[in-house]
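The sequence and the structure should be kept in view while reading.

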Amino acid sequence: MSTDEQILGRLAVDDLEAILTTANTEVDEAIHAVRDNADAIFTWDYEKGARPALSKLYEKAKHSQWNGQTDLDWSIDVDQQQFAEMMADMQKMEFDARGVDFSGTPFENWERPEWVELAHEVQNWSLSQFMHGEQGALLCTAKIVETVPWIDAKYYASTQVMDEARHVEVFAKYLDTKLSGYYPVNAHLKLLLDDIVTDSRWDMTYLGMQVMVEGLALAAFGFMHQMSTEPLLKKLLRYVMSDEARHVAFGVLSLQEYYEGLSDAEIFERQQFAFEAAVRMRDRFLQQEVWERLGVPVKDAIEAVMLTPTRQMFQMMLFSKIVPNCKKLGLLDRNDGWLRRRYEEMGVIQFEDWVDTGDEYEAFALDNAAPATA
Ligand SMILES: [Fe+2]
Ligand SMILES: [Fe+2]
């Protein structure tokens, strides 16, 4: 597997028409079954601390459990309209400052109420996708408990399973009780989650989930945490981020050791997967379901709004945790820098020397005043 068509199922990475043909056609299904092809591994080597970094992370996790039911103040009255108005006004200021011209686009005649409605939908959509991604993390980490051969990693992963249950729980509750709508899982996110669960190799679960999906989530939560003035969501995100930083560290610390021992051919498969995952996550942020729900022609809307420089900058920021972590794992530069070239083409390579998340979790801990977002 080495051509884009084999990796992504389309000839050109940026072919918007092809991206949009990927849609979730099973929006009414109550469950979604995916074949998990991995072996469940027992280990008879119970020596705790054989991998000191993972053991330290496990001890840290035991002291960092919070309760989504009681540590968050659910009595707070959330005014989503006010938030949507603020977001819409900010967006307008940005468009004006950049001289964005909407003539000839679906937004030509949009006034403030339409932009406010869009902001409502975007928030409902974003939180819904976070919730679905969290369930993906819950399943993947349960899978890691089964498949990873090291006892320290099984111990740590078991704490992450609890963390992820809490994350699904709080996002679902926020959506249900504080927001105005829900979206099914985005097709690109679903494709990626299915791929991660299906793969039989234990390290691919880590690479797909802990490094790629959670790396992106950490950046996205950080952005939303900075933007949000609503105290319940702000605290919820702060709590979730303190866990996510540990999860990403778990991925980097586990894979570093393992990848040093892999052949170039084996690493190439991981590089291709890291490329595929990056493209799927970029595609998901085109939020095609939002445009559909608003009755706006999807391709035109994406070209007018999502491909503007401001939006592109946000899209790239989402990769600020992933790229340095891939570098630390040797994935950028092995095989003559194959993944480096792909990330260059995607316009995200500039993050390669940003702080990797292997030890950043201390900065995100709840007993520290402020997380290093961005
Ligand atoms: Fe999570
Ligand atoms: Fe996580």
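Predicted model: local features only at pLDDT ≥ 70, side-chain atom pairs only at ≥ 80, totals over all residues.

1. Two packed helices are described by the angle between their axes and the distance between the axes. In this model, helix α8 spans residues 202–227 and helix α10 spans residues 264–284. Their axes come within 10 Å of each other and cross at roughly 35 degrees. The crossing of α8 and α10 is right-handed.

2. Which residues make the contact between these helices? On the side of α8 they are M204, L207, G208, M212 and L216. On the side of α10 they are R270, F273, A274, A277, A278 and M281. Sorted by class, the contact of α8 with α10 comprises nine nonpolar residues, one polar residue and one charged residue.

3. Q287 is found in the loop between α10 and α11, the latter covering 288–294. Its phi angle is near 40 degrees, which is a positive value in a residue other than glycine. Is Q287 buried or exposed? Q287 is buried, because 22 other C-beta atoms lie within 10 Å, and the cut-off for a buried residue is 20 or more.

4. D336 lies in helix α15, which runs over residues 334–346. Phi of D336 is near 55 degrees, again a positive value in a residue other than glycine. D336 is exposed, because 8 other C-beta atoms lie within 10 Å, and a residue counts as exposed at 12 or fewer.

Technical notes. Residues numbered from 1 in each chain as written. Chains lettered and ligands numbered in written order. Axes fitted to C-alpha atoms, helices over the stretch in contact; angles between N-to-C directions. Helix = DSSP H or I, 4+ residues; strand = E, 2+ residues; numbered from the N terminus. Left-handed = near helix turned anticlockwise from the far one by under 90°. Contact = placed C-beta atoms within 7 Å. Nonpolar A, V, L, I, M, F, W, Y, C, P; charged D, E, K, R; others polar.
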